[in-house]
Amino acid sequence: MMREKAEAMARRGSLLTAVALLALAGVYVRALVFTPVERFQGPAQKIFYVHVPAAWSGLLAFAITGLLSLLYLWLRDRRVDIVAAASAEVGLAFSVVMLTTGPIWAKPIWGTWWTWDARLTSTLFIFLLFVGYQVLRGAITDPETRARYSAVIGILGLVLVPFIHMTVYLFRTLHPDPVVLKPGTPSLPGDMLVTLLSAVGVFTLLYLGFLAQRYALGVLRDLKDEEAGRAVS
Amino acid sequence: MQYPDNGGYMIAAYVVAAVVVLVYAVSLFVRLRKVSR
């Protein structure tokens, strides 16, 4: 019964991912061909349309892992732990996009690939925290201990997410301020705003597709481990 | 209108993002197939 449900979830996740990938191709065309070039930064400004949505999805994924970690410590439900772990892995994939496209934009605009300012350093820190989360999960075989220890790391990640958002206000940093997630109206011309919001929507869809697939994978692996355990005993 | 000549960086970023997303999508697909067998 559980296996059938997980396989159905995997199929729905794959379908959603396929739709999101097609939509991503559409966003690429809109951003590269139909969105105006920014006057001062030139074409490199368009990196913004992949960097910001990737950052949004990555931090959303880590925040959801943190919230589910809290829920796991309360309910002790194994499925909650599996969704939390799934969200953490998907968040890492988006973080790789964020941490590679950011420096590619920074080189022509700032004249350097990287600077150790608060926003960049704290973003690297949350990435490394969730790399540690994955390593920890791989190192512990007992499912309950693994879930409990990784929930603690997940909650630490949740604390970091709002801090990362606030770094541009709390510290003197080179990183640009938010243009949408801020008090007041978005500070972006209409065409650029539509492209950015479309990209954010598509990356969120991609997150949901990946999450469904990764959750199904976690459940199926769990069932396989249980069957192997029963066969041994 | 004159813009800074940095289109190469833009292309590089879009290619890198597409590669990372596609590699992750394929890795999920392959792992799901393997565990479903």
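**View 1. Chain B holds one helix and zero strands.** Helices (H or I, at least four residues) and strands (E, at least two) are DSSP runs, numbered from the N terminus. The C-alpha atoms of chain B fill a box of roughly 60 × 10 × 5 Å along the principal axes. The model is predicted: local features need pLDDT of at least 70, side-chain atom pairs count only at pLDDT 80 or more, and totals for chains, interfaces and linings use all residues. Residues are numbered from 1 along each chain as its sequence is written, and chains are lettered from A in the order in which they are written.

**View 2. Chain B meets chain A.** Here 22 residues of chain B are in contact (C-beta atoms, placed from the backbone, within 7 Å) with 36 residues of chain A. The chain B side has 18 nonpolar, three polar and one charged residues. Nonpolar means Ala, Val, Leu, Ile, Met, Phe, Trp, Tyr, Cys and Pro; charged means Asp, Glu, Lys and Arg; the others, Gly among them, are polar.

**View 3. Ala216(A) touches both chains.** Beyond its neighbours within four places in sequence, its contacts include Ala6(A), Gly13(A) and Leu32(B).

**View 4. Helix 4 of chain A packs against helix 5 of chain A.** Their axes lie 10 Å apart, at an angle of about 170°. Axes are lines fitted to C-alpha atoms over the stretch in contact, and angles run from 0 to 180 degrees between N-to-C directions. The two helices are therefore roughly antiparallel, a label for angles over 145 degrees. By class, their contact has 13 nonpolar, seven polar and three charged residues.

Methods:
Two residues are in contact if their C-beta atoms, placed from the backbone, lie within 7 Å. Angles under 35 degrees count as roughly parallel, over 145 as roughly antiparallel, 65 to 115 as roughly perpendicular and the rest as oblique.
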